[in-house]
Amino acid sequence: MDHGDEVICLGKGGVYKIRGITSNKSNENIIEKPIPYLPGVEIYTHESQGRGYCYVPAESKNSVIIVTDEMNKILKVEGNFPVRKLQYSPLGSYLLILTVYEQGKNEDNLCVYKLGNELKLLFSFPFRTNSAKVLSTWPPYRWSNNELWAFKVQDTCLSIYDGHTESLDNPIETLTFNKSIQLSLSSEISNKQDLNNTYLNFAIVAYYSNPNVDIYIYHIERNLDKISSIYLINNKELSEVQQAQLSWNYNATSLLVFTQVEGETLGKSYFGSSSLHLFRINNTKTVMPNDIWSKDKTSESKNNISVSNKYNVKYIEVVSSSEGPVNDVAWSPIENEFLLCKGVIPPELTLNSGYDGSPKLSFGRSRRNTIRWNPSGKWFAYGGFGNLAGELDIWDVTKQKLIGQTNASCCITLEWSFGGRYLLASTTSPRLRVDNAIRVFRYNGDLLGRIDFDTLYSAFWTPSLLSTRGNIIYRSVSPGREFKPKVTPEKQVYRPRWATSDFAERMRVARGIQDVSKDVNNQRKSRSEYIIPGLPTLEASIAATKKNGPANFIKPKNRFKKKIEQNDLNMNSINGLVNNMSL
């Protein structure tokens with residue numbers, strides 16, 4: 001059994017727990033839908049370390065039930081307003097509970113609780129939920145991956161706190177901007193030269209003027225005395241941007257910014273445009289600053305943030321807006337490289353360097369648009385979803401070899417299991433309101449099971465316990481499960497069912513050809529069964545040829561020649577009469 005071999009499905013009927021689907025050995029791939037173990041529940045989330053979960057019960061939309069698997073303890077939070085969202089911190093130490101915002105009644109609608117033997121409310125603050133754009137910035141209060149720092153985004157301000165703070169009164173630093181902002185955090189990195197020093201980098205997108213944005217990159221570090229210092233590395237303005245998606249590589253040294261412009265806002269293309277930008281963070285002792293970066297840092301002087309003399313950034317435009325659309329991009333989980341799918345259908349898939357953005361390897365062109373890395377970093381899934389047919393390929397990056405292939409049509413979400421041996425493909429509502437289902441595939445493309453739902457909102461693998469993650473071994477392809485490509489049959493010329501060799505032989509005989517082959521296909525019907533109206537049988541044609549000879553068939557041509565000569569004579573007589581009458 002794979003680690004975390006359990007799928008949680010949230011649907012209209014409640015929460016379903018699916019077990020054993022990866023070990024299904026029956027011939028039936030369609031599995032009967034199980035009974036929900038939490039009937040009627042619509043809001044549910046699992047702790048990322050696999051130690052518990054929480055949900056809003058069906059009988060009370062104003063309360064939250066918190067279940068801790070390790071301590072086998074159940075906690076309950078009662079409120080006066082309906083719950084909208086739930087969110088755990090990365091290590092499961094804290095829980096965010098968002099309720100409906102009502103001015104004058106429930107303005108501090110986002111509450112932060114500390115989990116333990118008892119539930120403790122730390123603080124709360126306003127977060128309006130009546131805007132889809134605001135909900136896209138969820139969560140507004142987030143922690144770094146090891147919970148050393150916490151970041152609070154509200155309107156145009158970013159406040160940075162100690163990760164275990166119990167008050168919002170004393171932030172480490174507050175950054176203020178003129179317009180709305182978007183935050184992206186890298187992973188925490190321990191300094192190899194100074195093990196007591198831990199740092200991370202974070203980026204802020206400031207939407208100053210449409211369609212331009214500013215990218216600010218910061219560095220925060222913490223010493224042995226738990227004192228944090230924040231530095232501005234640099235900032236850069238990007239043009240023709242309406243939306244930006246930011247993603248860091250595994251060691252926080254490179255940042256990808258995927259920008260988009262929807263529709264014909266700029267009057268260039270009906271389908272909009274997209275581009276990809278790479279920001280490489282370097283040590284100033286070894287790399288000179290990039291000339292393209294802005295030298296004017298006065299816009300940040302009001303934040304009293306020092307400019308870093310230790311780090312600088314190199315900027316590279318990987319894909320410009322004129323080079324075609326960027327369909328998908330994804331960092332490798334173990335290397336400083338990323339997969340890039342770009343261009344019109346069929347786009348090209350390349351493996352690019354995270355240092356300078358240059359392509360290292362091409363996987364060719366195909367009708368695909370979605371990339372999902374395996375947790376091992378050795379395989380990846382490459383599918384064509386949305387308006388494409390759902391073809392799905394599984395590649396081995398190290399061997400540059402296709403190891404699996406299948407079809408996952410109408411797939412909305414695609415996710416690898418924690419052990420990296422299985423893929424979960426889900427068709428969910430409201431993106432598609434019909435054919436909602438989950439399908440589980442082995443890495444070589446074998447379909448292990450499918451479960452249909454009337455309405456399915458989400459599906460995901462249950463997080464494996466932190467204690468078992470260190471025991472996961474990412475194995476190579478198992479013997480006997482090697483991928484065997486399907487042999488495409490050679491195209492054949494269409495022949496009607498009645499067009500047999502007997503008919504061809506009969507026609508040759510009728511034309512007087514003597515060297516007729518007597519060998520016919522013995523697997524077909526006997527000659528006597530083929531009788532075509534208007535033509536003599538084969539036996540009658542052979543008998544007539546032997547009796548009269550082939551010359552008998554040429555006589556119609558002689559008769560036709562005599563008829564033409566007679567017609568010419570008649571025409572001459574008519575012409576003579578006409579001439580006499582004219583005289």
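Strands here are DSSP runs of E with at least two residues, numbered from the N terminus. This is a predicted model, so local features need pLDDT of at least 70 and side-chain atom pairs count only at pLDDT 80 or more, while totals for chains, interfaces and linings use all residues. Residues are numbered from 1 along each chain, and side-chain values use heavy atoms, with hydrogens and water left out.

**Exercise 1.** Find which strands each supply at least two residues of the lining of the largest pocket.

*Solution.* Start with the strands: they are β21 (243–248), β26 (326–331) and β30 (370–373). Next, pick the top contributor: β26 gives the most, with 4 residues. Then go to the middle: of the 20 lining residues, Ser187, Trp331, Pro333, Trp373 and Pro375 lie nearest the pocket's centre. (Lining residues have an atom within 4 Å of a point on a 1 Å grid; a pocket is an open set of points where a 1.4 Å probe fits, with protein on both sides within 12 Å along at least five of seven lines.)

**Exercise 2.** Classify the ring pair Tyr53 and Tyr55.

*Solution.* First, recall the cut-offs: ring centres must lie within 6.5 Å, and planes under 30 degrees apart count as stacked, over 60 as edge-to-face and the rest as tilted. The structure holds 19 such aromatic pairs. For Tyr53 and Tyr55, the centres are 6.3 Å apart and the planes at 25°, so this pair is stacked. Now try Phe125 and Tyr141: at 6.3 Å centre to centre and 50° between the planes, they are tilted.

Definitions and conventions: Rings of Phe, Tyr and Trp (its six-membered ring) pair if their centres lie within 6.5 Å; planes under 30 degrees apart count as stacked, over 60 as edge-to-face and the rest as tilted.
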